[in-house]
Every structure is written in C-alpha cells, then in structure tokens.
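Keep the 3D view open as you read.

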Amino acid sequence: MVVIHTNDLHGQVLPRKNGLGEVVGGFSAIAARVRRERAEAERAGDGFLLLDAGDFFQGTPEGDLTHGVLPLEVMNSLRYDAIEVGNHEFDQGQENLRALAAKSASPFLCANLYEEATGKRPEYVRPFVVVEARGVRIGIVGLLTSGLKQVCLEKNTVGLVVRTEAEALVAAAAEARAAGAEVVVALTHCGYDVEQVLAAKVPDVPVIFGGHSHTSLPEGWREPSTGVLVCQNGGGGLSLTRAVLEFDSATHELLGAWAGHVIARDADGRDAEADAIQARYAPEIEKVMSEPVCEVSAAFTREGEGSSTLGNLVCDAMREAAGADIALHNRTGIRADLPAGTARLREMYQLSPFGNTIVTMELTGAEVLELVDGMFQEPRMFLETSGLAVDFDRMAPAGKRVVSASVGGEPIRADRAYKVATNNFLARGGDGHEVFTRGRNVRDTQVILLDAQIALARARSPLKPDPAPRLRPVIRQNRRNARPARRAA
C-alpha cells in the first residue's frame with residue numbers, strides 16, 4: 001500500500017525556487033505528483049491513501065485571502081482520505097474552520113479536541129475514520145497539539161479544551177478497532193518531539209504521519225524499542241512523504257513500513273485541474289498583492305545565532321509605530337525572508353501573514369532580563385529586539401545567560417519600568433513567554449503589524465539591512481571581560 005502524506009502546506013499554492021535554482025513545490029506540481037502516484041498504485045494493484053497533517057492554508061495570500069477555500073478546492077479534487085486539523089486552521093476563527101469542514105470532501109480529524117461546555121467534540125471534527133484500501137481496513141486517528149492554547153490567539157480557541165495526545169490516541173485507536181479497523185495509524189499535528197513520545201508509548205499504532213514542527217525526515221524515524229515509524233516532511237509542499245506499508249495478503253497483518261520523500265517539481269508536470277482552480281482566484285489576489293511598497297538594497301534574512309537583519313527591521317517597525325522603548329517579536333512568527341529588489345505587498349505580506357496587532361505594556365528591567373534569559377530554553381522561544389541590546393551566553397545556567405544589557409544605549413535598570421511593544425500572540429504568553437502576562441497598563445493598539453512594517457518600509461526606502469547585531473553571543477573564554485547586566489539589588 002502506498003501512502004502520500006503532506007504536512008504544513010501553509011497555502012503555498014505557488015511554486016518557489018530551491019537552493020539549486022529548481023522550481024519546486026506549489027499545489028499544481030503537488031497535484032500532478034499525487035495523481036501519478038495514485039495511478040501507479042492502481043496499475044500495480046496496490047492500495048493508496050492520501051493524508052494531510054494540518055496547517056494546510058494559512059500563510060500566503062492564496063490561502064488567507066480566500067479563507068482557505070482555494071487550497072481546499074485543490075485538496076478536494078485530489079480526494080484526500082483524511083485531513084488533521086492544525087493550529088493555524090483556527091487563525092480565522094472557529095466559524096471559518098466550521099465552514100471549511102462543511103466544504104471539505106474529506107473528513108477533518110481530531111480525537112483530542114473537545115468543547116469545554118458540553119464535553120463533546122466539535123461537530124466539525126471526527127476522532128478517526130476507517131477507510132478500506134485493497135481490502136485492508138485502515139483506521140486513521142487524528143491528533144492536535146495539546147499546546148494549542150499557547151500557539152493560537154485566545155479569541156480563536158474560546159470554549160475549547162485539548163486533551164493529552166497519548167491518552168487520546170489510545171482511546172481513539174481502540175474505538176477505531178471496534179469500528180472494524182484492522183490496522184490503526186496516527187495522523188498528527190503535534191510536533192516531532194511529541195510524535196517521538198507517542199511512538200514509544202503507543203506501540204500498537206505502528207505508523208505516525210506527523211506535522212507541526214516542519215521536521216524533515218527523509219527516510220522517516222523509527223523508534224528503537226517499538227519499531228514505530230514516524231513520518232514528517234519540512235512543510236511548504238516542497239516535498240511529500242511517500243510511505244509503503246506491506247500487509248500479509250491473507251491476514252492483513254502489517255509486515256513492515258518504510259518512508260521516503262519525493263520532490264514536487266513543475267518540470268515533472270503540472271495539474272490542469274489545480275491550475276484551473278488557481279486561475280479563478282488569481283486576478284483578484286494579484287490585483288491586491290502586486291502593489292509596490294519599497295526598494296530593498298540587499299536581502300534581509302532571519303539567519304544568525306543572535307539577532308537577524310529581518311528581525312531588526314520587524315522590531316523597529318513595532319517600536320516606532322507604538323512609541324515604545326523596547327520591541328520584542330518571536331523569530332518563528334516572521335515567516336519569510338525579504339529578497340533584494342522591489343518589494344511588493346506580496347513580499348511584505350509573507351513576512352507577517354497572521355494579522356497580529358501590536359500590544360504595548362509596561363515591564364520592569366528585571367522582567368525584560370527574565371524574558372531574554374528564558375528565550376534560550378528552546379528555539380521557538382527566541383525573540384528579536386529593537387531598542388534593547390544584549391550580550392548573552394547561551395550555555396550559561398538559567399538566570400545567568402544575560403551578560404550585559406542596555407536600552408537606548410544606557411545600561412538597563414532592573415527597577416525601572418519600560419514601555420514594551422510586542423505582538424498580541426506573545427502578549428498573552430504565547431510560545432511559553434509567561435513574563436508578558438505580567439505586563440501592566442496593557443493596551444492593544446489595534447495597529448496591524450503588517451501595516452506598521454509597510455509604513456516603515458516606505459519611509460526608509462531603499463531599505464538597507466542594519467549590520468549591527470542587537471543580540472550578541474559572547475565567546476565563553478572572553479566572557480570575563482564582558483560588562484555584567486545591572487539587576488535589582
């Protein structure tokens with residue numbers, strides 16, 4: 001049996017160039033590849049499944065401006081067997097998610113999502129589905145990250161509860177078997193770290209088709225003690241997982257599972273139906289997105305152990321729009337680099353596609369230092385800055401990672417209150433930044449971050465990257481020469 005699995009497509013309808021200059025990805029090339037794989041499986045007499053592990057539309061104009069409908073129409077044409085709900089499916093609210101589920105030709109899955117008031121699952125998701133492929137009944141259980149509340153705006157998940165992944169998988173797998181499934185697989189939007197735990201804890205679910213962390217597993221990852229295979233690709237539709245499941249023809253026992261990645265390329269063919277769907281929406285989208293914004297003299301990137309040139313730009317836009325002393329923004333929330341040349345609204349949009357607003361608050365210098373020290377716990381917590389300069393030692397113990405810090409060129413004062421600007425996701429403690437929830441005089445300015453970036457870009461055009469790092473890693477052997485941060489007595 002052949003299984004094609006996509007994850008974290010993020011509405012990447014249009015193809016892109018990779019590092020080799022090849023035109024790869026895009027829904028048309030993906031669709032063409034999927035149809036070829038299905039046809040080859042049918043000719044060989046094999047079963048075929050098509051699965052998506054979530055975050056299928058949010059992140060591009062093609063996905064966002066059509067509220068997910070354009071990507072979903074292409075997915076409907078491909079006859080996905082199941083779609084797991086990702087955290088970004090909530091970005092335009094539960095009503096939009098409910099509408100997408102009604103338009104979908106494929107079931108939306110999520111076994112661990114419940115309504116707080118009723119204790120029941122929302123009507124737009126099912127815990128599992130049982131499909132038959134060449135006589136084998138496969139149960140597919142869907143799971144969403146239990147950290148949903150930490151990675152979504154509060155207004156979009158009001159009234160929902162997400163239960164523990166492992167507990168939900170065990171229960172839903174049992175239900176699927178009771179409904180006739182001979183083998184159960186998981187379709188998850190939980191992240192590679194959680195999927196590794198599930199592979200160890202739930203050995204009777206032999207394959208996990210995952211997502212959320214955008215982890216590239218070119219041959220999958222096999223849990224050493226249980227043999228459970230975890231599949232995930234890097235997202236954006238640049239590659240697809242192609243897994244092969246081998247069954248005993250008489251007993252339908254799963255004998256083995258293997259996985260690899262295949263690249264979707266325009267050069268290998270485009271899909272006429274996907275192109276036709278895209279063409280219906282393209283004129284209105286392009287009319288909006290082709291507006292020139294500014295000139296960019298050299299590329300801005302998100303690269304760097306410390307601050308990045310693009311992070312500097314985004315944070316400058318926040319700080320200037322809010323009149324703040326300090327601006328802080330999560331690097332993971334900046335979704336694309338900014339290439340040299342004429343930047344159109346499309347390029348600006350791709351930096352910040354989530355509609356976040358700028359929030360201001362007062363934090364003490366001690367709280368700012370706690371935020372910066374804590375951001376080195378894991379990569380998703382890393383913050384970019386404006387107005388704040390920090391020398392840090394990532395390898396130092398927690399509480400001692402900040403070697404020196406200044407605001408506006410002056411040493412930070414632990415007891416002073418600073419006006420801090422951030423986005424409305426971080427303001428409520430997103431990505432584990434609990435310190436933001438202690439802010440005082442909190443105000444949502446209602447200024448959309450994208451609008452602030454466009455205003456700054458137009459004012460500074462042509463844009464030139466600021467080469468001065470604001471977050472500077474300290475070489476450990478030279479650390480004794482660094483000035484210590486001033487803290488409260």
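## Second largest pocket

Strands, as named here, are DSSP runs of E with at least two residues, numbered from the N terminus. With that in hand, we can look at this predicted model and begin with its second largest pocket, which has a volume of about 160 Å³. Which element gives the largest share of its lining? That is β8, with three residues. Along with β8 (128-133), α1 (27-44) and β4 (48-52) each supply at least two residues of this lining.

Sorted by class, the lining has seven charged residues, four nonpolar ones and one polar one.

The structure holds one cavity of 30 Å³ or more. About 40 Å³ of space lies in the largest cavity.

Around the largest cavity you will find Leu9, Phe27, Ile30, Ala31, Val74, Met75, Leu78 and Tyr80. Both α1 and α3 (69-78) supply at least two residues each to this lining. What classes of residue line the largest cavity? Eight are nonpolar, with no polar and no charged residues.

## Aromatic rings

Next, the rings. A search of the whole structure finds five aromatic pairs. In one of them, the ring centres of Tyr192 and Trp221 are 6.0 Å apart and the planes stand at 90°, so this pair is edge-to-face; the cut-off for that label is an angle over 60 degrees. The pair links distant parts of the chain, with Tyr192 in helix α7 (residues 192-201) and Trp221 in strand β13 (residues 221-222), 29 residues apart.

Elsewhere, ring pairs link Phe56, Phe57 and Phe108 into a cluster. Tyr114 has a charged neighbour: Arg163 lies over the face of its ring, at 3.6 Å from the ring centre.

## A buried aspartate

Asp316 is part of helix α9 (residues 309-322). With a relative accessible area of 5%, Asp316 is buried. Which residues does Asp316 contact, leaving aside neighbours within four places in sequence? They are Ser386, Leu456, Arg460 and Arg470.

## Backbone spots to check

Pro462 is in the loop between α13 (449-460) and β27 (471-473).

His67 is not a glycine, yet it has a positive phi of about 60°. You can find His67 in the loop between α2 (61-64) and α3, where its relative accessibility of 41% makes it partly exposed. Asp431 also has a positive phi, near 60°, in a residue other than glycine. Asp431 lies in the loop between α12 (424-427) and β26 (440-448). With 5% relative accessibility, Asp431 counts as buried.

Methods: Residues are numbered from 1 along each chain as its sequence is written. This is a predicted model: local features need pLDDT of at least 70, side-chain atom pairs count only at pLDDT 80 or more; totals for chains, interfaces and linings use all residues. Side-chain values use heavy atoms; hydrogens and water are left out. Rings of Phe, Tyr and Trp (its six-membered ring) pair if their centres lie within 6.5 Å; planes under 30 degrees apart count as stacked, over 60 as edge-to-face and the rest as tilted. Helices (H or I, at least four residues) and strands (E, at least two) are DSSP runs, numbered from the N terminus. A charge sits over a ring if NZ of Lys or CZ of Arg is within 6 Å of the ring centre and within 35 degrees of the ring normal. Buried means under 20% relative accessible area, exposed over 50%, partly exposed in between (1.4 Å probe, protein chains only). Contact means heavy atoms within 4.5 Å. On a 1 Å grid over the protein atoms alone, a cavity is a set of points where a 1.4 Å probe fits but cannot get out, and a pocket is an open set with protein on both sides within 12 Å along at least five of seven lines; lining residues have an atom within 4 Å of a point. Grid points are joined across faces, edges and corners, and a volume is the space filled by probe spheres set on the points. Ala, Val, Leu, Ile, Met, Phe, Trp, Tyr, Cys and Pro count as nonpolar, Asp, Glu, Lys and Arg as charged, and the others, Gly among them, as polar.
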